[in-house]
Amino acid sequence: MFDKIAGRALVPVGIVVTGFLVVCFVLLYAAIKNVVIHDSVGHANNLAGIVLKSTRYAMLKSDRDLNSTIIRNISEQEGVEHVRIFSKKGIVAFSSKPGEVNRQVDTKAEGCIVCHEKQEPMTTLGNMQKARTFKNSLGKEVLAITAPIYNEPECANAACHVHPASQKVLGILDIGLSQEATLSSLSSIKMQMVLFSLLTLILTTAGVIALIKLSVLVPMQKLQEYTERSEHNSNLKHPANLPYELDKIAKSYYFIRNKLHEIEKKS
Amino acid sequence: MEQAENNRLECAGDTECDTRASLRQGLLDEIKRLRRFSNRGLWALSLFLFVSTLAWREFSFLPRPEKIVAALGAPPSSKIIGMVLILYTFSAIILSLSRMMAGIRHKSSFCHVGYLSVFYLFYYFAEALADNYWAVFGAGLTILCMESYRIWTFCNENIGKKVEQLAFLDRTGRLPPEDPLSE
């Protein structure tokens, strides 16, 4: 294969174009996936904020029934996997699954370790730090947000139960959202990018092969056939319409053959 | 008398015999060196595949990225690493192609294995290796295949020239004049 011009010309081109396209495709997809996931976490954080604002009045009035109803209604929304509110001590105060209420959660659990890793728990978290992904018992990919419920002046001064003003965090909201839609979008983006890359690869490779074949290989083939045939027939005229360089070679070869034929005739 | 004439043609004196033998040996040694050099690209590719296997297993023998980040600070973002990877891949391919066109003997394969290993490590420390593994693998395979091909064609061409010189030496007792077009 590497003895012929076709092999030497086309194999490196094929390797370079394919390889570079694969690298660009993978990096672009990774960048898009990063942006999509960041957006997804941003929206999930917004939703957690909406849930906290929805339950704020009920918590201020210490209306447990109202709070439970709000949590239950939110959890019935499509795409919401679970909603929980923990107290500061890690006990589940409200949950979309009634069986979880009053359960104690370990501070080393996945959603809790981010703040409780060190002896002094963290009180503020960035958007991405609040997020974690896992597979639930049904094998579904879930994005969970752990949002702290901060103490506010109305909470510290409320008549229902006393939170000292020095207590910065009153509890934690843990909301889990299904990632099916996001993963489906990413899969769709991936397939479209694969298709686009394949088409570009085929077009580029086919274009290069066609151009090289047209400009170099076919004229070289004509020249090769001419030299082989003129060994048996020295009157054969050189082929026309060759590229400039090959035309010069063909004409020189024709001239040499004619001279040789004349010398052979004379001798 | 005929035998003496033959001996004269074959080797006029011990000195000339020694010169021819040493030239012959020199050419054979050069051919051997070129044959060894032609495998350089494949060795580099094998080493890269080994490093890629370690990266595939998330460098299990290294400390966790969090510990490294705690000791050395935050790594560059995966976006920056990706941009540098594209720049590096592009430059390496262009360099390899230009060396191929110029017919330069350049032993560059193993340094690419080093650069690519560093990319794997940076992605590992940035905790983005899973998403970007195939980008580094694809880049490495492309660059090292190009380098292997370049080295292999360079060696094949030069081995062919040396074999022709050897045949000329055996026929005439001296090396052929240097071809001005080949420089």
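Tutor: Start with helices. Helices (H or I, at least four residues) and strands (E, at least two) are DSSP runs, numbered from the N terminus. The expected span of a helix is 1.5 Å times one less than its number of residues. This is a predicted model, in which local features need pLDDT of at least 70, side-chain atom pairs count only at pLDDT 80 or more, and totals for chains, interfaces and linings use all residues. Residues are numbered from 1 along each chain as its sequence is written, with chains lettered from A and ligands numbered from 1 in the order in which they are written.

Student: What span does α6(B) reach, and what is expected at 1.5 Å a residue?

Tutor: α6(B) has 17 residues. From first C-alpha to last it reaches 25 Å, close to the expected 24 Å. After α6(B) comes E127(B), with a positive phi near 55°.

Student: Which residues of α6(B) are called buried?

Tutor: A residue is buried if 20 or more other C-beta atoms lie within 10 Å of its own, exposed if 12 or fewer, and partly exposed in between; C-beta atoms are placed from the backbone. Buried residues in α6(B) include L116(B), F119(B), Y120(B) and Y123(B). The buried residues of this helix pack against α3, α4, α5 and α7 of chain B.

Student: Why is P75(B) called partly exposed?

Tutor: P75(B) has 19 other C-beta atoms within 10 Å, so it counts as partly exposed. P75(B) sits in the loop between α4 and α5 of chain B.

Student: What does P75(B) touch, leaving aside neighbours within four places in sequence?

Tutor: Two residues are in contact if their C-beta atoms, placed from the backbone, lie within 7 Å. P75(B) is in contact with V69(B), F122(B), F125(B) and A126(B).

Student: What makes a nonpolar core, and which residues have the most contacts inside the largest one?

Tutor: A nonpolar core is a set of buried Ala, Val, Leu, Ile, Met, Phe, Trp, Tyr and Cys residues joined through C-beta atoms within 7 Å. The largest has 34 residues, and F119(B), Y120(B), Y123(B) and V136(B) have the most contacts inside it. Helix α1 of chain A and helices α3, α5, α6 and α7 of chain B each supply at least two residues of this core. The largest share, 9 residues, comes from α7(B). Y120(B) touches V51(B), A55(B), L129(B) and V136(B), not counting residues up to four places away in sequence.

Student: How many residues of each chain are in contact with the other?

Tutor: In chain A, 14 residues are in contact with 18 residues of chain B. The chain A side has 11 nonpolar, 2 polar and 1 charged residues. Here Ala, Val, Leu, Ile, Met, Phe, Trp, Tyr, Cys and Pro count as nonpolar, Asp, Glu, Lys and Arg as charged, and the others, Gly among them, as polar.

Student: Why are β2 and β3 of chain A said to stand at the edges?

Tutor: Two strands pair if DSSP finds at least two bridges between them. The open sheet of 5 strands runs β2-β1-β5-β4-β3 in chain A, with antiparallel pairing. β2 and β3 each have a single partner strand, so one side of each lacks a neighbour in the sheet.

Student: How do you know that β3(A) pairs with β4(A)?

Tutor: 5 bridges join β3(A) to β4(A), and they run antiparallel. A131(A) stands opposite I145(A) in β4(A).
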